[in-house]
Every structure is written in C-alpha cells, then in structure tokens.
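Open your viewer, switch to a cartoon display, and get ready to click along with this tour. At each stop you will find what to select and what is there.

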Amino acid sequence: MKQKLALSLAAALLSLSANAAAAEPAAPRALGVETGITFPSNATIRTFQADGDDGVWIQDSRRNWYYATFFSPCRNIDFAQAIGVDTRGLSRLDKYATILVRGDRCALSSFVTSAPPPTKKERKAAEQAAKAAAEADKPN
C-alpha cells in the first residue's frame with residue numbers, strides 16, 4: 001500500500017515538474033555579444049554562409065547563429081564549399097581564431113552572436129532601398 005502511494009506521488013510530482021519546465025519560456029539570446037564556439041569541428045559547426053568577403057555567418061549544432069568579421073577581405077569565401085578553423089591550440093572559435101579558405105588564412109577581428117543571415121529576398125530589398133536612397137541624395 002505504501003509503495004503504491006509513493007509511486008503515485010512520484011508520478012504526480014514528475015508531471016508537475018514537467019509542466020513547470022514547459023511553461024517557462026527560454027530567454028532570448030542577446031545579439032552582438034562577443035562569444036565563441038568550443039571545440040569547433042564537424043560535430044559543433046553545422047553550416048556557414050559568406051557575407052561577401054567581409055565576414056561569415058556560422059551556425060552551431062544547436063542552430064544558434066554567429067557572425068565573424070575579418071580583419072581584411074577574405075577572398076574565395078563566397079565560393080567555398082568548406083572552411084577550416086585554426087584556433088592556435090585553444091580549441092575555441094572566437095575573435096582570435098583564423099578561418100582557412102582554399103589555402104588562404106583569414107584572421108577574425110570579431111566573433112559575435114547574431115540573427116540568421118538575411119534571405120536573398122531580404123538582401124535584394126535592402127540593395128534596392130540603398131540604391132533608391134542614393135538616387136534621392138543626388139542633386140538635380
């Protein structure tokens with residue numbers, strides 16, 4: 001009898017704790033904060049997307065996005081199918097690391113948390129808005 005009571009009490013407490021955990025929303029991640037990815041590898045880096053030759057968005061295995069800015073233009077990153085990471089023995093992808101692209105070394109100046117990269121449609125709209133603003137600024 002005591003065993004059945006203890007099991008039913010444990011089951012009730014378990015369901016209550018599961019409901020409480022599900023009810024608490026996850027706090028939004030702060031963007032633009034210097035950070036890093038520990039032990040960068042195929043298991044911790046999911047994908048990347050170049051931002052011209054100025055920077056690169058990197059997504060980790062938890063689907064969080066980061067943006068890395070280069071000290072100088074990183075040629076060939078737009079066409080790269082794979083990148084390497086030189087962490088200089090620290091096992092951490094951060095602003096002190098270097099991205100390797102087709103034999104070139106691209107040193108990072110920052111590595112921050114980021115929103116996902118813009119879609120092609122969003123990029124095109126931004127380019128058109130910038131073009132319209134430039135034309136509006138021209139004297140007649």
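Is Ser91 buried, partly exposed or exposed? Select Ser91 and look: this residue is partly exposed, with a relative accessible area of 32%. Here, buried means under 20% relative accessible area, exposed means over 50%, and partly exposed lies in between, using a 1.4 Å probe and protein chains only.

Before moving on, two notes on what you are viewing. Residues are numbered from 1 along each chain as its sequence is written, and side-chain values use heavy atoms, leaving out hydrogens and water. This is a predicted model, in which local features need pLDDT of at least 70 and side-chain atom pairs count only at pLDDT 80 or more, while totals for chains, interfaces and linings use all residues.

**Stop 1: the whole chain**

Zoom out and colour by secondary structure. The chain has two helices and eight strands, and along the sequence they follow the pattern α-β-β-β-β-β-β-β-β-α. Helices (H or I, at least four residues) and strands (E, at least two) are DSSP runs, numbered from the N terminus. Of the 140 residues, 24% count as buried. Now think about contacts, meaning heavy atoms within 4.5 Å. Among the contacts in the chain with a separation of 6 or more, 52% are between residues 24 or more positions apart.

**Stop 2: the loop between β5 and β6**

Go back to Ser91, which is found in the loop between β5 and β6. Most residues other than glycine have a negative phi. Ser91 has a positive phi of about 55° although it is not a glycine.

Next, select Thr87, in the loop between β5 (84-86) and β6 (92-93). Thr87 is buried, with a relative accessible area of 15%. Leaving aside neighbours within four places in sequence, Thr87 is in contact with Pro40, Arg92, Leu93 and Ala97. The C-alpha atoms of Thr87 and Ile99 are separated by 8.8 Å, and these residues are 12 apart along the chain.

**Stop 3: two salt bridges**

Side chains of opposite charge can pair when their charged atoms come close. How many salt bridges does the structure hold? There are two, each being a side-chain nitrogen of Lys or Arg within 4 Å of a carboxyl oxygen of Asp or Glu.

For one of them, select Arg105 and Asp86, whose closest N and O atoms are 2.6 Å apart. Arg105 lies in strand β8 (residues 104-114) and Asp86 in strand β5, so the pair ties together parts that are 19 residues apart in sequence. Arg105 is partly exposed at 48%, and Asp86 is partly exposed at 21%.

Then pick Arg92 and Asp94, where the closest N and O atoms are 3.5 Å apart. Arg92 is partly exposed, with a relative accessible area of 31%, whereas Asp94 counts as buried at 10%.

**Stop 4: the largest pocket**

Rolling a probe the size of a water molecule over the atoms shows where empty space is left. To see the lining of the largest pocket, select Pro40, Ser41, Asn42, Ile45, Arg46, Thr47, Phe48, Ala82, Ile83 and Val85. Strand β2 (residues 45-51) gives the most to this lining, with four residues.

**Stop 5**

Select Thr44, in the loop between β1 (37-38) and β2. The side chain of Thr44 reaches the backbone nitrogen of Ser41 at 2.9 Å. Not counting residues up to four places away in sequence, Thr44 touches Ile37, Thr38, Phe39, Gln59, Asp60 and Ser61.

**Stop 6: either side of β8**

Arg102 sits in the loop between β7 (98-101) and β8. Arg102 is exposed, with a relative accessible area of 56%, and its phi is near 50°, a positive value in a residue other than glycine.

Finish at Pro118, in the loop between β8 and α2 (120-137). Pro118 counts as partly exposed at 28% relative accessibility. Not counting residues up to four places away in sequence, Pro118 touches Gln49, Trp57 and Arg123.

Definitions and conventions:
On a 1 Å grid over the protein atoms alone, a cavity is a set of points where a 1.4 Å probe fits but cannot get out, and a pocket is an open set with protein on both sides within 12 Å along at least five of seven lines; lining residues have an atom within 4 Å of a point. A polar contact is a pair of N or O atoms within 3.5 Å; within protein, one must be able to donate a hydrogen and the other to accept it, and residues adjacent in sequence count only if both atoms are side-chain atoms.
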